[in-house]
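Hi there,

Here is the structure I promised to pass on to you. Have a look at it first, and then read on for what turned up in it.

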Amino acid sequence: ITLTEAAARLKAANKILITAHIQPDGDATGSTLAALQMLRNMGKAAQIFIDDEVRRNLQVLPCAEEIRRPVDGEKFDADLLLILDTAPDRIGNVGKMTNAPILNIDHHITNSNAAGDLHLEAEAAATCEIIFKLAKELGAEITPDIATCLYTGLATDTGFFHFSNTRAETFQIAAELV
């Protein structure tokens, strides 16, 4: 689906469960935390569940204490399951928490679109790059805390702007976040 369609799905939902892949890296953690804050600022009820520990160096990110791990048998009444930075088959037990429709936002070309609606930008350096554009599409304010989370994902997924996935647009987004 298009970014505009993804934005419409988020606008229509009121209670959103956000997740990312197991062994969350900077992009997975940064994109989920940025999305959480953005959605809450829009008046949405949102919660992050990731079926793994958050790396210690990422636990300093704004709202990192909000990330929860699922408990066996735990359910979450959601209007939408927002999966970031991965395909649905890499979210562990979070997938068992809700039967809500899936919105999957990713930059990995290997994402096979196994379930739900997929917005894939394979040219994006990181999912945080897509979340930045999504915030613009939604007219959401990018607060300093949101910018910190998004910048972290951009920086880590590009090897601090050394990897070949770093494009001019990546630098433009990073500059705006700074």
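Let me start with the cysteines. Cys128 has a relative accessibility of 1%, so this residue counts as buried. Please keep in mind that the model is a predicted one. The sulfur of Cys128 lies 7.8 Å from the closest cysteine sulfur, which belongs to Cys149, and that is too far for a bond. A disulfide, as you know, is a covalent bond between the sulfur atoms of two cysteines. The structure holds zero of them. Cys63 is in no disulfide either, as its nearest cysteine sulfur, again that of Cys149, is 6.9 Å away. With 23% relative accessibility, Cys63 counts as partly exposed.

Next, the strands. How many of the five residues of strand β4 are buried? Five of the five, so this strand, residues 102–106, is largely enclosed by the rest of the structure. Both of its faces are covered: Ile102, Asn104 and Asp106 are buried on one side, and Leu103 and Ile105 on the other. β4 also has strand partners. Strand β3 (residues 80–84) runs parallel to β4 and is joined to it by four bridges, with Ile83 standing opposite Asn104. Strand β5 (residues 117–120) is likewise parallel to β4 and joined to it by four bridges; here Ile105 stands opposite His119.

Helix α5 (residues 168–177) shows a two-sided pattern. Its residues Thr170, Ile173, Ala174 and Leu177 are buried. They cover an arc of only 100° around the axis, which means that they sit on the same side of α5. On the other side of the helix, Ala168, Gln172 and Ala175 are exposed. And what do the buried residues of α5 pack against? They pack against α3 (127–138) and α4 (144–157).

Finally, two backbone angles for you to look up. Most residues other than glycine have a negative phi. Gln23, however, has a phi near 55°, a positive value. You will find Gln23 in the loop between β1 (15–20) and α2 (26–41), and its relative accessible area of 57% makes Gln23 exposed. Phe160 also has a positive phi, near 55°. Phe160 belongs to the loop between α4 and α5, and this residue is exposed too, with a relative accessible area of 56%.

Happy browsing, and do write back with any questions!

Best wishes

Methods: Residues are numbered from 1 along each chain as its sequence is written. This is a predicted model: local features need pLDDT of at least 70, side-chain atom pairs count only at pLDDT 80 or more; totals for chains, interfaces and linings use all residues. Side-chain values use heavy atoms; hydrogens and water are left out. Buried means under 20% relative accessible area, exposed over 50%, partly exposed in between (1.4 Å probe, protein chains only). Two strands pair if DSSP finds at least two bridges between them. The arc is that of the directions from the helix axis to the C-beta atoms. Contact means heavy atoms within 4.5 Å. A disulfide is a pair of cysteine sulfur atoms within 2.5 Å.
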